[in-house]
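Subject: Structure for your files

Hello,

Here is the structure I said I would pass on. My notes on what turned up in it follow below.

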Amino acid sequence: MTKTKLAIIGSGPAGYTAAVYAARARLEPHIFAGFKSGGQLMWTTEVENYPGFTDGIMGPDLMMQFRGQAERFGAHVEDIFVTAVDFSQRPFKLWTALPDNMAPDFFETASPEDIKALTIRIKKELEPACEAESVVVATGASSIMVGVPGEKEFLARGVSTCAVCDAAFFRDKVTYVVGGGDSAMEDTMALTKFAKSVTVIHRRDAFRASQIMQERVLNNEKVKVLWNTTLDAVTGDDKVTGITITENGEKKELPADGVFIAIGHKPMNQIFQDQLQLDNHGYIVTRQSGTKAGVEAASAAVDDAGIVTFPSMTSVEGVFAAGDNVDVRYKQAVTAAGQGCSAALDAERWLERQ
Ligand code: NAP
């Protein structure tokens with residue numbers, strides 16, 4: 001079993017930045033990087049807004065740099081998924097195994113009740129993989145699905161949540177993107193490089209995306225937008241052949257080869273639901289969360305000098321959180337990295353006091 005001063009769960013910008021700082025503080029952090037190490041930026045092409053890269057950098061290259069930097073200072077990175085945790089007493093316990101015959105993709109569709117039941121089973125039947133004196137939770141966020149018939153059935157058979165990863169498979173094909181935020185704009189632009197046509201399906205009459213991203217999409221002659229339109233179903237045989245939509249109240253069936261779902265993300269906090277305080281959107285509450293619950297936690301943690309102690313601390317002493325699974329508002333690589341830095345510094349100072 002691994003014993004560590006600091007376990008870091010998650011390997012996006014928050015997790016790796018926490019690892020760089022913790023490793024340089026000689027905490028010898030152990031990072032549980034998950035199966036898809038590197039987080040959401042692994043599914044991105046050009047990142048133009050991460051400071052320090054005048055000409056931009058590819059998302060996967062940036063994440064490889066993060067990882068290499070953490071390892072250079074002695075962080076141990078394990079490409080494995082944490083399946084359950086016990087934060088009720090110290091040292092904290094983390095499990096990485098699953099009962100026989102269970103696949104890790106269980107977590108992608110499981111309900112909160114399923115996960116509660118699984119956690120009980122894991123703790124009863126399996127040995128923990130790690131004991132940690134402190135933990136940084138940096139598990140990020142994952143794609144939200146629309147929830148219409150055919151959407152899940154045709155995942156990877158014409159339905160995708162990542163145009164950046166899959167656009168090249170849709171050369172000269174008829175494609176649709178659902179959503180009106182920056183993710184949808186980014187997916188649309190990625191698809192224009194390959195597809196015959198890209199049609200954005202948006203439920204309102206205006207995009208939510210940043211102005212510059214909207215302009216790129218609206219000025220691209222390959223792109224058409226269906227305003228006030230919802231996706232009702234994805235249809236096909238062994239792969240997608242069509243979609244059903246409602247456009248301005250009128251039902252329509254359209255031929256389609258690819259459907260890209262880009263309507264946002266949900267925080268990956270399922271395994272912490274009974275361990276840490278979450279807000280009503282499922283985000284972990286810390287003393288710096290920009291929510292009512294976060295403000296309450298912060299006011300209860302003000303010291304004699306009027307300063308909030310350990311801002312990245314969760315509702316459990318010694319467990320800190322950082323990144324998109326905490327941040328209801330910004331969700332940027334640079335804000336996640338900044339939060340990872342705070343969490344590592346808080347963990348270091350908290351451990352010193354123990
Ligand atoms: P988002 O900003 O929350 O946008 C989600 C979009 O999906 C909205 O247009 C929303 O419609 C629509 N939507 C939500 N639920 C839906 C449903 N059930 N059916 C149909 N449509 C639905 O999410 P995001 O685009 O993933 O962006 C999240 C954050 O990451 C933002 O802060 C964004 O700026 C940032 N981001 C930045 C970049 C970049 O800079 N390169 C790239 C991606 C994301 P309504 O507008 O009607 O609510």
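**The parallel sheet**

Strand S11 (residues 174-178) and strand S12 (residues 197-201) run parallel and are joined by five bridges. Please keep in mind that this is a predicted model.

Within that pairing, Val178 has Ile201 of S12 as its bridge partner.

As for cover, four of the five residues of S11 are buried, so the strand is mostly covered.

These pairings belong to an open sheet of five strands, in the order S10-S17-S11-S12-S13, with parallel pairing. S10 and strand S13 (223-226) are at the edges; each has a single partner strand, so one side of each has no neighbour in the sheet. In general, strands of a sheet pair through backbone hydrogen bonds, in either a parallel or an antiparallel way.

**Helix H7**

Which residues of helix H7 (residues 211-218) are buried? They are Met213, Gln214 and Val217. These residues lie on the same side of H7, because the arc they cover around the axis is only 100 degrees. Gln211 and Ile212 are exposed, and they sit on the face of H7 turned away from its buried side.

**A nonpolar surface patch**

Ile144, Val146 and Ile263 form a nonpolar patch on the surface; together they have about 190 Å² of accessible area. Ile144 is placed in the loop between strand S9 (141-143) and strand S10 (159-160). Its relative accessibility is 31%, so Ile144 counts as partly exposed. The partly exposed class lies between the cut-offs of under 20% for buried and over 50% for exposed.

**Backbone points to check**

Most residues other than glycine have a negative phi, and most peptide bonds are trans.

- The peptide bond from Arg90 to Pro91 is cis, with omega near -5 degrees. Pro91 is in the loop between strand S6 (84-86) and strand S7 (92-95).
- Glu28 is not a glycine, yet its phi is positive, at about 45 degrees. The loop that holds Glu28 lies between helix H1 (13-24) and strand S2 (30-32). With 58% relative accessibility, Glu28 counts as exposed.
- Asn248, also not a glycine, has a positive phi of about 45 degrees. Asn248 is found in the loop between strand S15 (240-247) and strand S16 (250-255). Its relative accessibility of 56% means that Asn248 counts as exposed.

Regards

Technical notes: Residues are numbered from 1 along each chain as its sequence is written. This is a predicted model: local features need pLDDT of at least 70, side-chain atom pairs count only at pLDDT 80 or more; totals for chains, interfaces and linings use all residues. Side-chain values use heavy atoms; hydrogens and water are left out. Patches are made of residues with over 30% relative accessible area and no salt bridge: like charges are joined within 9 Å, nonpolar side chains (Val, Leu, Ile, Met, Phe, Trp, Tyr) within 5 Å. Accessible areas come from the Shrake-Rupley method with a 1.4 Å probe; for residues, only the protein chains shown count as cover. A salt bridge is a side-chain nitrogen of Lys or Arg within 4 Å of a carboxyl oxygen of Asp or Glu. Helices (H or I, at least four residues) and strands (E, at least two) are DSSP runs, numbered from the N terminus. Buried means under 20% relative accessible area, exposed over 50%, partly exposed in between (1.4 Å probe, protein chains only). Two strands pair if DSSP finds at least two bridges between them. The arc is that of the directions from the helix axis to the C-beta atoms.
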